[in-house]
Amino acid sequence: MGRKVTVAACALNQWALDFQGNLQRILKSIEIAKRKGARYRLGPELEICGYGCWDHYYESDTLLHSLQVLAALLESPVTQDIICDVGMPVLHRNVRYNCRVIFLNRRILLIRPKMALANEGNYRELRWFTLWSRSRQTEEYFLPRMIQDVTKQETVPFGDAVLATRDTCIGSEICEELWTPHSPHVDMGLDGVEIFTNASGSHHVLRKAHARVDLVTMATTKNGGIYLLANQKGCDGDRLYYDGCALIAMNGHIFAQGSQFSLDDVEVLTATLDLEDVRSYRAEISSRNLAASRVSPYPRVKVDFALSCREDLLEPPSEPVEWMYHSPAEEISLGPACWLWDFLRRSRQAGFFLPLSGGVDSAATACLVYSMCRQVCEAVRNGNQEVLADVRAIVDQLSYTPQDPRDLCGRLLTTCYMASENSSQETCDRAKELAQQIGSHHIGLNIDPAVTAVVGIFSLVTGKRPLFAAHGGSSRENLALQNVQARLRMVLAYLFAQLSLWARGARGGLLVLGSANVDESLLGYLTKYDCSSADINPIGGISKTDLKAFVHFCMEHFQLPALQRILAAPATAELEPLTDGQVSQTDEEDMGMTYAELSVYGRLRKIAKAGPYSMFCKLVNMWKDVCSPRQVADKVRQFFSKYAMNRHKMTTLTPAYHAESYSPDDNRFDLRPFLYNSSWPWQFRCIEDQVHQLESRGPQDLDGVD
């Protein structure tokens, strides 16, 4: 008697609106699943069109092409004799739904619309889709003629139902539904569903991999059952990196773990599990069984198909595995590097151009490109033909096979140290040494002639010559002279990105990489349209603290001793005159606060949703051992004043890899005005009133601050 089932969960590197590529990857995943013996294949959320279509979901073309891909899947011999569960947008009675379309042998079994839409952080699903609110109810969906021609069906069930095969019962939940307070799997499990499937479009955030794993293991610990989670992977066209982590779990244990970061476009996990293990696990949970006896039943779609075989006695079941997590430094070395690779190959550019200053941020960006090169070489060594074909296309050499990351880095990365009269020899040497160790093509140049020419134009027109503060100039003159240098570096970066390969007799152009970290962006400690303006920024969502840990990781794991000197040096913009040949300007002095403090402000502002007054109240307690209430108030006022004055810079911020939940990215994640009353009169007065109260009480317990 058959009772062992082999099921497959996929992680696919889909690309928004790449219907041809998406179809090929889906078919390849089904082929692999069948080859591994699976009888049910689950793919990621909205895999047919790609998750990140955004406002393209409004277009009838997106719906049309999704239906055309569905028809191609239904017709393909690859999809025979396996239940296929694919994701796509569906228009039902003139309403758009985010759906799973489940089919078998050219017949659609069920269209299951999403019942809880993600609408926070980077997600805006309610903008394009409507949630299905009719629990345990279905309607007839009239199939478009192009699908009717293939399936010979006129209508199919549409709504909240489960599949009853000959040997088990299968229920869907889609991404966000797993995260809701009362997930569908709870009632489905009580109603006898033994296999839960979750198609996700979930992106990477540092230190968050455990959240998905914990939710799945907890779901199956309380209710028993088999749980499949499929997820998108890679960059599908914007700031997010979808981080795979497909998994298969049963009764609170993980039985298959997919990679979080990899260059494989198609990854298929399978596990062979015994349905009797689910039934016996549930049998002894009396509280569950009591609840099950009272649950409202789900509509069942009968499927004349079994996931198990009759003779499976000798079929070895899968064994539980321990989930392996990456450290945050490893996550940084892998996630942004994979994102860079996707961006490079899909933009069809010939490499990257990076202004390399000799500081931590640009060094970290260079290390990410080097890490990318290491992963590309490893993927080619492991026989990944797609990666090999992409590399050959990028370097424009059909016989090239990358073996040494340094050699590949020399072909893909051009670094440039842009010196001025305010640059020190130390930063120049550090940049050159790092470039030599990672193998990048390195250029050194001096921007002073351009700075002199631009300032000369101003002097010619106005008759005035601005001076640095060190030479007797005002703060306005000082800042303007710093900004001229910074902006000219951006102009030169784009010139060299467009023409440096031309000058070397090679084809193509380069993507300009930015290297402003999340903390500097938050405060606005950057010049608008300076080298923070680039095509993409792989570190723009990462804090200075995490970047330093990552650079230390690279120093040890990639054998890059040059990074030791870079880590030991104080962070500096080098835009003001040197004092006796030494740097006189440091970032933390310029900002008036430390990077560690900035991280705290950033987390409180975004994650704790604290305005100036709430932040003061929290910090008075957090910092009571090191700061007086007056000092805390001064720090909060200083932060919010600078933040408000510089928020306009976020509107032009280079698209950055999203890695941190306190990112100030103005595009979609952190929606705020960019014209503030930067003196915050009402809020700061409330803080001042509270400080007076505390000072009048003396150095007492601060627990009463609210």
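Student: Over residues 5-275, how far apart are the end C-alpha atoms of the chain?

Tutor: Over residues 5-275 the chain is 25% helix and 34% strand, where helices (H or I, at least four residues) and strands (E, at least two) are DSSP runs numbered from the N terminus. UniProt, in an unreviewed entry, lists these residues for "domain: CN hydrolase"; its positions are given in the numbering used here, feature names are shortened, and annotations may be inferred rather than shown by experiment.

Student: How many helices and strands does the secondary structure of the protein chain come to?

Tutor: This is a predicted model, in which local features need pLDDT of at least 70 and side-chain atom pairs count only at pLDDT 80 or more, while totals for chains, interfaces and linings use all residues. Residues are numbered from 1 along each chain as its sequence is written, and side-chain values use heavy atoms, with hydrogens and water left out. For the protein chain, the secondary structure comes to 23 helices and 20 strands.

Student: What radius of gyration does the protein chain have, beside that of a compact globule?

Tutor: The C-alpha trace of the protein chain spans about 90 × 75 × 45 Å along its principal axes. The radius of gyration is taken over C-alpha atoms, and the globule rule is 2.2 Å times the number of residues to the power 0.38. With 706 residues, a compact globule would come near 27 Å, and this agrees with the value for the protein chain, 29 Å.

Student: What percentage of the 706 residues of the protein chain count as buried?

Tutor: Buried means under 20% relative accessible area, exposed means over 50%, and partly exposed lies in between, with a 1.4 Å probe and protein chains only. By that rule, the buried part of the 706 residues is 59%.

Student: Among contacts in the protein chain between residues at least 6 apart in sequence, what share joins residues at least 24 apart?

Tutor: A contact here means heavy atoms within 4.5 Å. Of the contacts between residues at least 6 apart in sequence, the share joining residues at least 24 apart is 74%.

Student: Where does Arg93 lie, given its positive phi?

Tutor: Most residues other than glycine have a negative phi. Phi of Arg93 is near 55°, a positive value, and Arg93 counts as exposed because its relative accessibility is 58%. The place of Arg93 is in the loop between β3 (83-92) and β4 (95-104).

Student: Is Asn251 buried or exposed?

Tutor: Asn251 is another residue other than glycine with a positive phi, near 50°, and it lies in the loop between β13 (247-250) and β14 (253-257). Its relative accessible area is 10%, so Asn251 is buried.

Student: How far apart in space are Ile108 and Lys152, C-alpha to C-alpha?

Tutor: Ile108 belongs to strand β5 (residues 107-113) and is buried, at 3% relative accessibility. Leaving aside neighbours within four places in sequence, Ile108 is in contact with residues including Leu70, Val101, Leu143 and Val156. Although Ile108 and Lys152 are 44 residues apart in sequence, their C-alpha distance is 9.9 Å.

Student: Which residues does Thr155 touch, not counting residues up to four places away in sequence?

Tutor: Thr155 is found in strand β7 (residues 155-159), and its relative accessible area of 24% makes it partly exposed. Thr155 and Glu140 are 15 residues apart in sequence and 5.8 Å apart in space, C-alpha to C-alpha. Beyond four places in sequence, Thr155 touches Glu140, Tyr141 and Phe142.

Student: What is the distance in space between Phe553 and Leu64, C-alpha to C-alpha?

Tutor: Phe553 lies in helix α17 (residues 544-557) and counts as buried because its relative accessibility is 12%. Not counting residues up to four places away in sequence, Phe553 touches Ala329, Glu330, Ser333 and Phe558. Leu64 is 489 residues away from Phe553 in sequence, and the C-alpha distance between them is 48 Å.
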